[in-house]
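Me: I would like to go through this model with you. Could you take my questions one at a time?

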Amino acid sequence: MMGSGKSTVGKILAEVLGYSFFDSDKLVEQAVGMPSVAQIFKVHSEAFFRDNESSVLRDLSSMRRLVVATGGGAVIRPVNWKNMKKGLSVWLDVPLEALARRIAKVGTASRPLLDQPSGDPYTMAFSKLSMLAEQRGDAYANADVRVSLEEIASKLGHDDVSKLTPIDIALESLHKIESFVVEDTAVADSQTESQSQRMHTL
């Protein structure tokens with residue numbers, strides 16, 4: 001989701017892994033020749049942005065050894081999942097209250113789906129985020145790895161996820177990714193072994 005720290009955590013992961021880092025929103029801005037996603041939405045439309053986002057993700061999916069921070073809405077298009085599944089997907093699951101606080105603090109001008117002309121910034125952000133979470137919840141759950149900030153905070157003895165550092169989140173992400181890869185490899189090995197045994201009995 002927007003404001004969850006994808007770019008910050010993604011850069012740390014890329015550095016640790018020795019991979020390249022890309023932010024798909026930035027690549028769309030460059031491709032369209034506009035300084036911000038907000039302006040692309042305003043001048044063109046959300047659909048225009050999503051088409052360009054899909055094109056960027058398709059191009060990135062043919063590359064190797066990279067970490068990509070996607071836009072929060074990339075999950076709503078099945079074609080994007082087709083491309084994202086060529087790698088390993090990580091969902092940074094941040095409580096909506098924390099996201100709304102974070103976004104209200106810096107303002108919503110750079111976030112076209114949240115930008116409202118009036119009203120309390122926190123209330124407006126929380127209301128819109130809740131609606132987006134409802135729409136995208138199942139899609140986010142498609143991710144290979146879920147990194148829950150509430151779980152990390154509880155593990156580290158914090159009562160608030162805002163006390164977590166990007167390093168805390170990146171370390172947990174790496175741990176979860178490693179567990180997924182090990183488990184996935186074990187499943188693949190086990191399937192290969194059972195196929196081999198079947199062939200021997202034929």
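**Rings, fold and pocket**

Reply: Tyrosine 122 and phenylalanine 126 are 4 residues apart in helix α7, so about one helical turn separates them. Helices (H or I, at least four residues) and strands (E, at least two) are DSSP runs, numbered from the N terminus. This is a predicted model in which local features need pLDDT of at least 70 and side-chain atom pairs count only at pLDDT 80 or more, while totals for chains, interfaces and linings use all residues. Residues are numbered from 1 along each chain as its sequence is written, and side-chain values use heavy atoms, with hydrogens and water left out.

Me: What kind of aromatic pair do tyrosine 122 and phenylalanine 126 form?

Reply: Their pair is stacked, at 6.0 Å centre to centre and 15 degrees between the planes. Rings of Phe, Tyr and Trp (its six-membered ring) pair if their centres lie within 6.5 Å; planes under 30 degrees apart count as stacked, over 60 as edge-to-face and the rest as tilted.

Me: Buried or exposed, phenylalanine 41 and phenylalanine 49?

Reply: Phenylalanine 41 is buried at 15% relative accessibility, and phenylalanine 49 is buried at 3%. Buried means under 20% relative accessible area, exposed over 50%, partly exposed in between (1.4 Å probe, protein chains only). Tyrosine 122, at 30%, is partly exposed.

Me: Which residue lies over the face of tryptophan 91?

Reply: Arginine 146 does, at 5.7 Å from the ring centre. The rule requires NZ of Lys or CZ of Arg within 6 Å of the ring centre and within 35 degrees of the ring normal.

Me: On to the fold. How many helices and strands are there?

Reply: The chain has 9 helices and 4 strands. Of its 202 residues, 36% count as buried.

Me: And the largest pocket, how much space lies in it?

Reply: About 1000 Å³. Of the 40 residues that line the largest pocket, Val67, Val68, Leu88, Ser89 and Val90 are the closest to its centre. On a 1 Å grid over the protein atoms alone, a pocket is an open set of points where a 1.4 Å probe fits, with protein on both sides within 12 Å along at least five of seven lines; lining residues have an atom within 4 Å of a point. Grid points are joined across faces, edges and corners, and the volume is the space filled by probe spheres set on the points.

Me: Which elements supply at least two residues of that lining?

Reply: Among them are α1 (6-17), β2 (66-69), β3 (90-93) and α9 (166-201).
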